[in-house]
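Welcome! Let us take a walk through this structure together, stopping at a few places along the way.

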Amino acid sequence: MAQNEIELDGLLAFPLTPFTEDLEVNLDALAENVESHIAAGAGALFVACGTGEFSSLSPAEHASVLTRAREVAAGRVPVWVGAGGGAASARAGIATAQAGGADGVLLLPPYLVTGPSSGLVDFVRYAVGHSSVPVIVYHRGTGVFTAPAAASLLDIPSVVGLKDGYGDVECMTRIVTTIRSLDTERARNFLFFNGLPTAEVSAKAYAAIGVARYSSAVHCFAPEIAHRFHRALGEGDTRVMDALLTGFYLPLVALRDETPGFAVSLVKAAARLRGDKVGPVRPPLVEPTPEQVRRLEKVVEDGFVTLKGLG
């Protein structure tokens with residue numbers, strides 16, 4: 001699939017994977033979750049990824065999540081799915097995505113081990129295999145690319161973009177500049193994404209280096225705030241962005257940073273506060289304490305007060 005056929009504009013949403021109280025995947029709740037994201041205006045859905053607790057899902061659960069999400073979306077928005085783990089697992093995940101009709105794959109970093117830059121490119125090449133489903137490579141953790149290595153991804157036809165979860169703006173500037181300077185159609189159409197937790201906090205800095213697309217976990221529980229910030233970023237409205245950062249995002253991040261894994265756990269807790277049937281997180285993630293939940297509720301309330309004050 002040619003890169004210029006990929007449409008991933010608008011606010012990208014990463015639905016949670018709902019579990020029952022005994023930690024079984026709840027596909028009926030997933031269907032409600034997916035429908036709510038679409039109704040709220042998500043530009044695309046990325047299921048069974050980081051926010052969707054990809055690392056805790058079995059291959060069968062991974063496939064079932066994709067199937068149900070596609071059934072509910074019914075072509076209204078693109079549905080992408082996560083894949084990753086060891087090389088063989090990543091390859092199997094991409095094959096499952098293609099067989100399941102996914103619009104694309106977010107390829108997470110290799111499991112546990114890393115290698116030189118050439119090895120990371122080979123990991124992507126092996127995972128892709130002979131598939132043709134579009135792939136976005138996640139640049140983070142054990143999968144951090146140098147600029148030359150990132151440029152080598154253009155030699156893998158189905159790789160259509162790079163998502164940064166590493167958080168080094170200088171590194172990402174080198175990658176973006178190196179690829180864009182090739183000045184080929186492939187390089188010009190290659191997609192870049194800000195994939196940092198609570199990406200709105202870094203959105204202005206990333207937009208300045210040509211990485212305006214981002215995924216919003218906040219869309220899982222406060223889509224009205226998420227869309228208002230996204231619109232302000234597109235319009236260059238720093239007044240609105242700064243108000244939402246001060247009144248909502250920065251307090252949320254301060255709470256998120258108290259406990260490892262809260263980039264997912266707090267999102268699920270906030271979704272439960274608004275009545276969504278998402279259930280608990282799977283270990284090793286942990287639930288926030290009752291005191292943290294009370295503070296989370298106050299942060300969200302203050303966010304909506306700030307939003308209302310913007311008019």
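In H3, the residues Ala90, Gly93, Ile94 and Ala97 are buried. They span an arc of only 95° around the axis, which places them on the same side of H3. The general rule behind such a pattern is that an α-helix has 3.6 residues a turn, so residues three or four places apart point the same way. Please keep in mind, as we go on, that this is a predicted model.

Which residues sit on the face of H3 turned away from its buried side? There you will find Ala88 and Ala99, both exposed. On the buried side, the cover includes helix H2 (59–73) and helix H4 (117–128), together with the strands S3 (79–85), S4 (104–110) and S5 (135–139). As for its dimensions, helix H3 runs over residues 87–99, which makes 13 residues, and reaches 18 Å from its first C-alpha to its last, close to the 18 Å expected at 1.5 Å a residue. Just after H3 comes Gly101, with a positive phi of about 80°.

The charged end of Arg91 is placed over the ring of Tyr126, 4.5 Å from its centre. Another example is Arg140, which lies over the face of Tyr138 at 5.1 Å from the ring centre.

Rings can also pair with each other. If pairing asks for ring centres within 6.5 Å, how many aromatic pairs are there? The count comes to six. One to look at is formed by Phe190 and Phe192: their ring centres are 5.5 Å apart and their planes stand at 70°, so this pair is edge-to-face. Phe190 counts as buried because its relative accessibility is 1%, and Phe192, at 2%, counts as buried too. Elsewhere, Phe221, Phe229, Phe248 and Tyr249 form one aromatic cluster.

That cluster includes Phe229, which is also one of the buried residues of H9. What do the buried residues of H9 pack against? Their partners are helix H8 (203–208), strand S8 (213–216), helix H10 (238–256) and helix H12 (290–309). Helix H9 itself covers residues 223–235, and its 13 residues should span 18 Å at 1.5 Å a residue; the end C-alpha atoms are 18 Å apart, which agrees. After H9 comes Gly236, whose phi is positive, near 70°.

Our last stop is a position picked out by a record. UniProt, in an unreviewed entry, places the feature "binding site" at Thr51. Where is Thr51 found? Look in the loop between strand S2 (44–47) and H2. Is this residue buried or exposed? With a relative accessibility of 12%, Thr51 counts as buried. Leaving aside residues up to four places away in sequence, Thr51 touches Phe14, Pro15, Leu16, Thr17, Ala217, Cys220, Val264 and Val267.

Two of those names, Pro15 and Leu16, come up again around Asn33. Asn33 has its place in helix H1 (residues 27–39) and is buried, with a relative accessible area of 9%. Not counting residues up to four places away in sequence, Asn33 touches Pro15, Leu16, Pro18 and Val278.

Methods:
Residues numbered from 1 in each chain as written. Predicted model: local features only at pLDDT ≥ 70, side-chain atom pairs only at ≥ 80, totals over all residues. Heavy atoms only, no water. Helix = DSSP H or I, 4+ residues; strand = E, 2+ residues; numbered from the N terminus. Expected span 1.5 Å × (residues − 1). Buried < 20%, exposed > 50% of the residue type's maximum accessible area, 1.4 Å probe, protein only. Arc of directions from axis to C-beta. Contact = heavy atoms within 4.5 Å. Phe/Tyr/Trp six-rings, centres within 6.5 Å; stacked < 30°, edge-to-face > 60°. Lys NZ or Arg CZ within 6 Å of the ring centre and 35° of its normal. UniProt positions renumbered as here; feature names shortened; annotations may be inferred.
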